[in-house]
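Work through the exercises below with the sequence and the model open side by side. Try each task before reading its solution.

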Amino acid sequence: FGSNDTQGPLAHDPTNSYLLFLTSTTNVRRFSGIAGTTLTFVDDITLDTAVTATVGFLYDDTNSRYICVDLSNDLVRRFNSSGTTVDTASYTMDADSRIAGICMINDRVYLINQTQGVGNSNATPIGNSLNVSLIPTTMTR
């Protein structure tokens, strides 16, 4: 990276060929140069409401929207290209700590729920009794 960013959830904007990096609860950083050897910082998009930076996020290229999870409020939040909240979808979970990610399948947004299990990168197999389920939300593309 052409910056000091070294970790965080990633997404991709294929129209502009940007790598997107959720660097904090309110910041999406955009980089160009995906085909090169160094990713070059382009700009920051400041989200108007904090989200959970550890769960991951999506970029809806069709509508130019950032889709993020807000575990504190049990919401999936959608932001426009300026970082302004467009809409939200609520969800109900027994334990938000089991939400491991977010994805879109056939234009519907799903939460990725790790229901049980232990992961150990030093063991074979890597996942032991790891169960993952998809929780549909009301949010669509």
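The exercises go from the fold to ring pairs and then to salt bridges.

The model is predicted, so local features are taken only at pLDDT of at least 70 and side-chain atom pairs only at pLDDT 80 or more, while totals for chains, interfaces and linings use all residues. Residues are numbered from 1 along each chain as its sequence is written, and side-chain values use heavy atoms, with hydrogens and water left out.

**Exercise 1. State the secondary structure of the chain and how much of the chain is buried.**

Step 1. Helices (H or I, at least four residues) and strands (E, at least two) are DSSP runs, numbered from the N terminus. The chain has 0 helices and 11 strands.

Step 2. Buried means under 20% relative accessible area, exposed over 50%, and partly exposed in between (1.4 Å probe, protein chains only). Of the 141 residues, 36% count as buried.

**Exercise 2. Give the strand order of the open sheet and find its edges.**

Step 1. Two strands pair if DSSP finds at least two bridges between them. The order in the open sheet is β1-β2-β3-β4, with antiparallel pairing.

Step 2. β1 (10-13) and β4 (40-46) each have a single partner strand, so one side of each is left without a neighbour in the sheet.

Step 3. β3 (residues 27-32) pairs with β4 over 6 bridges; V28 has I45 in β4 as its bridge partner.

**Exercise 3. Describe the hairpin of β5 and β6.**

Step 1. β5 and β6 (residues 65-70) pair in the antiparallel sense over 4 bridges, and D60 has R65 in β6 as its bridge partner.

Step 2. The hairpin has 4 residues between its strands, and S64 in the turn has a positive phi of about 55 degrees.

Step 3. In a regular strand the side chains alternate between the two faces of the sheet. In β5 (residues 57-60), F57 and Y59 point one way and L58 and D60 the other way; all are buried.

**Exercise 4. How many aromatic pairs are there, and how are the rings of F31 and F41 arranged?**

Step 1. Rings of Phe, Tyr and Trp (its six-membered ring) pair if their centres lie within 6.5 Å; planes under 30 degrees apart count as stacked, over 60 as edge-to-face and the rest as tilted. The count is 3 aromatic pairs.

Step 2. F31 and F41 are edge-to-face, with 6.2 Å between centres and 75 degrees between the planes. F31 sits in β3 and F41 in β4, 10 residues apart.

Step 3. F31 is buried at 0% relative accessibility, whereas F41 is partly exposed at 36%. Ring pairs link F21, F31 and F41 into a cluster.

**Exercise 5. Which residues are linked with R141 in a network of salt bridges?**

Step 1. A salt bridge is a side-chain nitrogen of Lys or Arg within 4 Å of a carboxyl oxygen of Asp or Glu. By this rule there are 6 salt bridges.

Step 2. D60 and R141 form a salt bridge at 3.2 Å, N to O. D60 lies in β5 and R141 in the segment after β11 (127-140), so the pair ties together parts that are 81 residues apart in sequence.

Step 3. R141 also forms a salt bridge with D107, with the closest N and O atoms 2.8 Å apart. D107 lies in the loop between β9 (99-105) and β10 (108-119).

Step 4. D60 is buried at 1% relative accessible area, while R141 is partly exposed at 39% and D107 is partly exposed at 40%. The network therefore consists of D60, D107 and R141.
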